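I opened the notebook on a new model today.

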Amino acid sequence: MKQAAVFAITGVLAGSLAGVAQQAAPQPAVPYTYQGTVHSVQAKTGTLELITGVGHALRLVRMSVPTGVRVAGTAAAGASGGVMGVQPGDVVRVVCHRAGGRLVADKVEKLEPTR
Amino acid sequence: MSSPGAAAALWLAAFAFAGCRVVKPGDPLLGLTREQRDRFERGRAVFDSVFTPETGLGPLFNSTACGECHEDPKSGGTGDEVEVHATAFRGGVCDPLVQEGGPVIQQHTTPALKQALGIDAEPFPPSATARAMRTTPVIFGRGLLDLVPDSVILSYADPDDKNHDGISGRVNRNVDGRIGRFGRKALVPTLREFNDGAFVAEQGVTNPSVPTEETIGGKPIPGGVDPVADPEINQDQLDLTNDFVRFLGAPTPERLGGEGRRGREIFSRIGCAACHVPMLRTGASPVAALRSKDVAAYTDLLLHDMGPDLADICLGLATPAEFRTEPLIGLRSVKTFLHDGRAATPEQAIQDHGGEAAGARDRFQALPPAERQALIAFLKSL
């Protein structure tokens with residue numbers, strides 16, 4: 001069940017990378033969801049880079065996180081690590097939209113630490 | 001942990017149930033419908049298709065077809081290609097170096113890319129902390145491994161070695177947090193994702209699941225070098241390939257004589273089966289031939305610390321020394337052993353086991369020669 005849901009997300013993700021965005025095409029405001037590992041957090045520019053991808057074909061997705069976007073999720077409360085409460089290695093789910101050809105985060109959710 | 005005796009009984013039962021019908025390396029699963037067999041055959045044609053730059057190959061690639069690497073003794077088997085992976089392990093966090101073209105570093109370029117950049121291979125990532133060599137494994141029976149429920153894999157995990165047997169398997173996680181099981185480092189959660197990714201990482205063939213090419217060491221592909229429109233194969237071709245791979249049967253172990261049967265007991269007795277779990281059972285599937293089946297997997301699909309001599313790259317949560325217990329399905333078709341092919345024989349592979357497997361290795365080495373020989377006879381039947 002859970003697997004199937006995430007797989008659907010990967011599908012949307014792949015579509016968006018190609019600029020195909022099948023379901024999203026008629027409505028530019030439709031959100032994209034990415035789930036991946038944080039690669040870098042740039043405090044100054046408010047930029048977040050995620051590692052996503054399929055199999056061994058990994059990809060980086062860069063997005064900006066406007067000030068005011070809070071990190072949700074259990075482990076994030078009061079986190080001192082990164083500016084947005086996330087740090088490299090964290091697994092996050094980010095809902096974002098496209099603006100001016102760039103991805104802008106609307107919601108960043110830190111997922112349970114896994115082992 | 002299931003008792004070795006019960007596993008052996010299950011094995012016998014599974015064998016008896018299948019009657020005398022035998023799956024040879026490269027054969028499809030028993031019990032496929034006619035339509036599924038037809039898709040298996042058509043899928044093999046895509047798996048074996050040789051791509052050219054005109055049909056989507058490259059601009060970076062390791063080989064021209066799945067079946068160019070996975071070819072021996074049949075499509076889906078092993079091959080002599082050895083590929084290069086690279087990552088960086090810093091402060092306990094693994095960086096797959098996507099920004100520098102990692103983790104798969106392609107060893108060939110198309111003529112157009114070579115002309116544009118003057119390179120024969122993707123540049124090795126400057127930030128890499130290790131280089132990994134990866135031999136081509138057999139991929140028989142992976143459709144069955146794909147359907148072993150996560151809960152079963154987790155049931156074998158013992159990250160803190162609570163039972164004090166010196167063996168502490170743990171799961172790897174994909175970059176999105178899901179439990180992984182495919183690849184030597186068990187990064188990839190599903191067979192389909194592994195296959196979809198392989199088209200791009202190995203052949204530079206984009207597809208509906210991975211519609212973007214690899215970068216050249218993290219930099220975009222120069223204009224005009226890859227004129228074929230993405231995706232370079234369609235959903236139908238991708239689905240057929242996936243059906244071929246998931247319908248590849250696990251070769252039936254050869255019939256054991258007295259020596260082999262003794263070897264099988266020794267395998268359990270000296271602790272090989274603590275990681276190489278003899279039997280796993282698949283869960284639900286719309287495909288009857290894959291559903292609720294016992295597979296002589298000889299793996300727990302978990303990561304184990306194998307010691308500093310085998311260590312190379314990190315990947316996901318896997319540290320440099322951690323590797324997934326290699327399934328021993330179709331071992332008789334394997335030509336060189338361990339992740340980089342360093343071992344020429346199964347004996348040598350066992351001798352190279354370290355870390356959590358050091359106890360089992362030492363017990364193997366302490367066996368009288370006849371018992372060692374029996375164990376090897378058993379391994380060669382797989």
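I started with charge: chain B carries 39 positive and 50 negative side chains, with Lys and Arg taken as positive, Asp and Glu as negative, and His and the chain ends not counted. The centres of the two sets lie 7 Å apart, each charge being placed at NZ of Lys, CZ of Arg, CG of Asp or CD of Glu.

I noted the ground rules. The model is predicted: local features need pLDDT of at least 70, side-chain atom pairs count only at pLDDT 80 or more, and totals for chains, interfaces and linings use all residues. Residues are numbered from 1 along each chain as written, chains are lettered from A and ligands numbered from 1 in written order, and side-chain values use heavy atoms, without hydrogens or water.

Next I checked overall form. The C-alpha trace of chain B spans about 65 × 50 × 35 Å along its principal axes. I then looked up burial: 57% of the 382 residues of chain B are buried (under 20% relative accessible area, 1.4 Å probe, protein chains only).

I turned to secondary structure. Chain B has 12 helices and 10 strands (DSSP runs: H or I of at least four residues, E of at least two, numbered from the N terminus).

I picked helix α12, residues 369-380 of chain B. Which residues of α12(B) are buried? I found B:Ala374, B:Leu375, B:Ile376, B:Phe378 and B:Leu379. The buried residues of α12(B) pack against α9 (258-269), α10 (346-351) and α11 (358-365) of chain B, where contact means heavy atoms within 4.5 Å.

Key. Buried < 20%, exposed > 50% of the residue type's maximum accessible area, 1.4 Å probe, protein only. Expected span 1.5 Å × (residues − 1).
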